[in-house]
Amino acid sequence: MAKKKSNHLLAVFTQLITDILEKGGNAPMNYKQIAAKLNLTDPESRETILVVLKEETRKGIFIEPQKGKFQLKELKTIVTGKVSMTSDGSAFIITDDEFEEDIYIAPRKVGTALNGDKVRAYVFANRKGKRKEGEIIEILERFKMEFTGIVKVNGAFAFFIPDDRKMLRDIFIPLENLNGAEHGVKAVAKITDWPDGAKNPVGTITTVLGVQGENNTEMTAILAEYGFPLSFPDEVEKEAESIPDEITAEEIAKRRDFRDVLTFTIDPADAKDFDDAISYQVLENGNYEIGIHIADVSHYVRPDTALDAEAFNRGTSVYLVDRVIPMLPERLSNGVCSLRPNEDKLCFSAVFELDNHANVLEQWFGKTVIHSNRRFSYEEAQEVIEGNSDELKEEILKLNELAYILREKKFKQGAISFETSEVKFQLDEQGKPIGVYTKERKDAHKLIEDYMLLANRKVAEFIAKKGKGKKKYTFVYRAHDAPNEQTLMGFVQFAAQFGYKISTKSDRDIARSLNHLMADVEGKKEQNVLTHLAIRSMAKAIYTTKKSGHYGLAFDYYTHFTSPIRRSPDVMVHRLLERYLHGGTSANEEEYEKMCVHASQMEKKAADAERASVKYKQAEFLQDNIGKEFTGIISGVTEWGMFVEIEENKCEGMVRLRDIADDFYVLDEKNYCIIGQRKKKKYQLGDEVQILVKKVDLAKRQIDFKLLQ
């Protein structure tokens, strides 16, 4: 009988067998008795039970006290979960809610499971004081079948060495499957087979990326590693090219016309995809009409088209250090949809009447046509705010004044202000980093952010309050839960070691305390450490159809409406809003929840890819600084080392505990520090240390430091 079939039948039968043996006092039974208990008369099924029991007896799960009879050695539970591999070949199974602790899988019981796979596993009855252990018995769903790495050709055979540190098996590549790849090149390989009993899977080279170490090769490899396509399919490009530039008079007639109202965009200096514009006019009653106009992507990207399927699958645009990988083809993202100056453009808009206290007196949502009068960069708008430019001075200063009031209201309601420094690289023509700087967020950035938040919040409120209970309307919300109490208390205790007190009496007290903390640490050496730890103590924001609030922003309802060129959930929001504005019935909640889960997953992948590109550039930047000494701040501690962030350039590397020669150091996880066992010397998160750049591994995107005592 094939091993795959045996594993599947094992999963089906073993729980039933376990139940029978438990009810029968776990007395020895032969396979005929078990088959009878299960009402199985088919000889093949009875034979299958015998094979399964004998296989499991060899593994030590069942015992055979008498020939032909079987008894459960230890009672087990069968669970499903996700595999998390470790560097020694063992793994943990992460289940949704069946166990509080993860289930340990010894290397010999992992089988052919790979990191991220969804599997079915045994959980053995754990002995007192021991962690739960198990064995993987079936792979339900492969998480990843394609990997980036290096091709190694050796005469009559070839192997592929994956970059992924959690992919511990090299892939055997038959020579006929090299597809032009030569020894030493970086490529993408796909697993095609894993023969029974084989240590390594078999695969084929699908894409040759180029020479290892070249900027384009490495950035492309990061995209491939996280599953983002390297180009748009021909069908998608053809659909994009077929969309006309011209806006018909018939289409304009269906929309509210803002072309004669002052409108402008404020974006990064190098931006090409302009998602949003702001219109401004003073009304006769002295109030202000402010329009937040968002590119009408859903007008051009229609459901059930190749273009829509591709945008949904990608989920988001990806922003690497040196490039943007757009969610939509360039013709749409930088052309037809982009709100470029001096062009008529179609928008989906949220228009508000505000008084001098930034109270929203009236609101309107609907399709519009605009004509942007001016494209400001953030720097140009900041010049106006700081009094160094008079261009649209009155309008921008009033918008900024109202934005300040909106911001203050948000913080009074309990929003949390996390101001992190964004690291940017200066690159030469080959993409090599020649400098590092931090990007500062000024009033011009915050002005745009505050009006986008207003639009997102009001759109979410409008739909959430439209129907209640069974009459609620399915919608896509951006949800952010309150922090886990245990995680938050760990941060509170750590912050106290620096002299900062955080009140946890209520959500509002927590927010107020954290905001005071963020203000107090600004410019101090512990700023980055405490800010990053505070963010890590928060829950992760996700997309969902559940009516959930946004803890970090202190909004009862929140969505993403303002960036449909680069986020697929915003396109979903536009479609649902249009549907309900026209009296449509509620959309299928289950279908949209699945779409939300996918969008959240792709957002995380994009963030991971962006971080990987930063790590690579940090390693590349420090490659020319090996042997150089720097001052750094301890930014993380683990059981094998401590991470240090260089103050001067924000590059982060690791000091490995085995390389600290003056003592034997161990992790004190509770207090975020490592402690020497003999001398009791302590290195704590936030401490300033002197380091030397010891080694740089570009392939692994790793930087090793030596601690200078």
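Colleague: How many aromatic pairs does the structure hold?

Modeller: There are 15 aromatic pairs. Rings of Phe, Tyr and Trp (its six-membered ring) pair if their centres lie within 6.5 Å; planes under 30 degrees apart count as stacked, over 60 as edge-to-face and the rest as tilted. Before we go on, this is a predicted model, where local features need pLDDT of at least 70, side-chain atom pairs count only at pLDDT 80 or more, and totals for chains, interfaces and linings use all residues. Residues are numbered from 1 along each chain as its sequence is written, and side-chain values use heavy atoms, with hydrogens and water left out.

Colleague: What makes Phe159 and Phe172 an edge-to-face pair?

Modeller: Their centres are 5.5 Å apart and their planes are at 65°. Phe159 sits in strand 10 (residues 157–162) and Phe172 in strand 11 (residues 171–173), so the pair ties together parts 13 residues apart in sequence. Strands (E, at least two residues) and helices (H or I, at least four) are DSSP runs, numbered from the N terminus. Phe157, Phe159 and Phe172 form one aromatic cluster.

Colleague: Why is Phe159 called partly exposed?

Modeller: Buried means under 20% relative accessible area, exposed over 50%, and partly exposed in between (1.4 Å probe, protein chains only). Phe159 has 26%, so it counts as partly exposed. Phe172, at 28%, counts as partly exposed too.

Colleague: And what makes Tyr473 and Tyr580 edge-to-face?

Modeller: Their ring centres are 4.7 Å apart and the planes are at 65°, so the pair is edge-to-face. This one links distant parts of the chain: Tyr473 is in the loop between helix 12 (443–464) and strand 25 (477–479), and Tyr580 is in helix 16 (residues 568–581), 107 residues away. Tyr580 has a relative accessible area of 2%, so Tyr580 is buried.

Colleague: How do you know that the charged end of Arg314 sits over the ring of Phe232?

Modeller: The rule asks for NZ of Lys or CZ of Arg within 6 Å of the ring centre and within 35 degrees of the ring normal. For Arg314 and Phe232 the distance is 3.7 Å. Arg407 sits over the ring of Tyr404 in this way as well, at 4.6 Å from its centre.

Colleague: What makes helix 15 largely enclosed?

Modeller: In helix 15 (residues 527–537), 8 of the 11 residues are buried, so the rest of the structure largely encloses this helix. Among the buried ones are Val529, Leu530 and Leu533. Ile535, also in helix 15, is partly exposed at 32%. The buried residues pack against helix 13 (485–496), helix 14 (507–521), strand 27 and strand 28.

Colleague: Which strands close into a barrel?

Modeller: The barrel has 5 strands in the order 27-28-29-34-33, with mixed pairing. Two strands pair if DSSP finds at least two bridges between them. Strand 28 (residues 641–646) and strand 29 (residues 652–656) have 5 bridges and run antiparallel, so they pass that test. One of the bridges joins Glu645 to Glu652.

Colleague: What is called the largest nonpolar core here?

Modeller: A nonpolar core is a set of buried Ala, Val, Leu, Ile, Met, Phe, Trp, Tyr and Cys residues joined through side-chain atoms within 4.5 Å. The largest has 61 residues, and those with the most contacts inside it include Phe491 and Ile691. Its largest share, 8 residues, comes from helix 17 (residues 589–622).

Notes
Contact means heavy atoms within 4.5 Å.
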